[in-house]
Amino acid sequence: MPYDLVALGNPLLDIQVNVDKEYLDKYDLKENDAILVEDKHLPIFDEVVKFPNVTFIAGGAAQNAARGAQYVLPENSVVYFGSVGKDKFSEQLLKANEVAGVYSNYLVHDDIPTGKCAALINGTNRSLVTDLAAANHYKPEHLLKPENWKLVEEAKVFYVGGFHLTVSPPAILALGKHAAETNKIFSMNLSAPFLPQFFKEPLDQTSVYWDYLIGNESEALAYAESHDIKSTDIETIAKAIAVLPKANTARPRVVIITQGLDDTIVVTADKFEAGAETTTQRFPVRAIDASEIVDTNGAGDAFAGGFVGGLVAGKSLETSIDLGQWLASLSLRELGPSFPLPKQTYSA
């Protein structure tokens, strides 16, 4: 059957634990950051599974967003592409997606384990350390198989997690090119500060296809630094991104930067050249009492999922932003990147 939304990313199992600041310092980790594992971080995975508060949760940023989008859409609206191992971890991911109603179109490896992410929670902060494993071995040939590309051709909207820039830029570019040529919506997430810093070239290759770019303030600042945007003002950075050259000029480009508890900044451009005029909107978040917050892991993914779900449903920009903020507020009340069941219904 056709799926309105195609999502592409790195499927991971989150190993979530509560830690103190000293544990983060032990491994030179920052709060509210996301990194790929280095050799010095490998002991973390053996250590945290022995913590008494350890929880295993289906993760992977784009996969979380896919489940979020499906939460606000009719049944059978979302298909997710990524790469896993043939093991018990991928079975957990499949089950979580099945419960959510997301169709998991995985490339499965017999000899590489499913990727995992240590989600280290310190109060309302989270630090993510990822071992991609099988997720690092996605091949564009899988996306281009006739039976899989048919799903792409039938979709209306595409969402790509920025983390996939470290895996398969050709797969991202294939989706972006198809979206531009068919006037479909292509959306992407900056995902982490290290991506514009260390994967600038593949990121820039995708920029001509961005109809919607989502990020947070730390990612926007990292983008500005790596692209010589001489400002730390988030609106100024978003404006510089919004007017970048664009393949499909029939659609505006919309840059959305979340700022935690502060207003979400949304900049829209209709012309794509330096100095072109833009429009800025600011949206207050849906505040919840601090006592209701279980943890912040996955809240950004929830926002992205709700927002993209709004786009798929044909909602206005304003409603889609609010839908994302509503879903993020639900996720904050759950453990990890999860949503309450039975499903709650959005109301403005």
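Helix 7 (residues 169-182) supplies the largest share of the lining of the largest cavity, 3 residues; helices here are DSSP runs of H or I with at least four residues, strands are E runs of at least two, and both are numbered from the N terminus. This is a predicted model, where local features need pLDDT of at least 70, side-chain atom pairs count only at pLDDT 80 or more, and totals for chains, interfaces and linings use all residues. Residues are numbered from 1 along each chain as its sequence is written, and side-chain values use heavy atoms, with hydrogens and water left out.

A search of the whole structure turns up 1 cavity of 30 Å³ or more (a set of points on a 1 Å grid over the protein atoms alone where a 1.4 Å probe fits but cannot get out; lining residues have an atom within 4 Å of a point). The volume of the largest cavity comes to about 40 Å³, taken as the space filled by probe spheres set on the points. Its lining includes Phe186, Tyr209, Asp211 and Lys246, and splits into 5 nonpolar, 2 polar and 3 charged residues.

Then there is the sheet: 5 strands, open, in the order 3-8-7-2-4, with mixed pairing (two strands pair if DSSP finds at least two bridges between them). Strand 3 (33-36) and strand 4 (55-59) sit at the edges with a single partner strand each, so one side of each has no neighbour in the sheet. Strand 2 (residues 12-18) runs parallel to strand 7 (residues 115-122) over 7 bridges, with Leu13 opposite Lys116. Helix 3 (residues 61-71) packs on the sheet, touching strand 2 and strand 4 (heavy atoms within 4.5 Å).

Technical notes
Axes are lines fitted to C-alpha atoms, for helices over the stretch in contact, and angles run from 0 to 180 degrees between N-to-C directions. On a 1 Å grid over the protein atoms alone, a cavity is a set of points where a 1.4 Å probe fits but cannot get out, and a pocket is an open set with protein on both sides within 12 Å along at least five of seven lines; lining residues have an atom within 4 Å of a point. Ala, Val, Leu, Ile, Met, Phe, Trp, Tyr, Cys and Pro count as nonpolar, Asp, Glu, Lys and Arg as charged, and the others, Gly among them, as polar.
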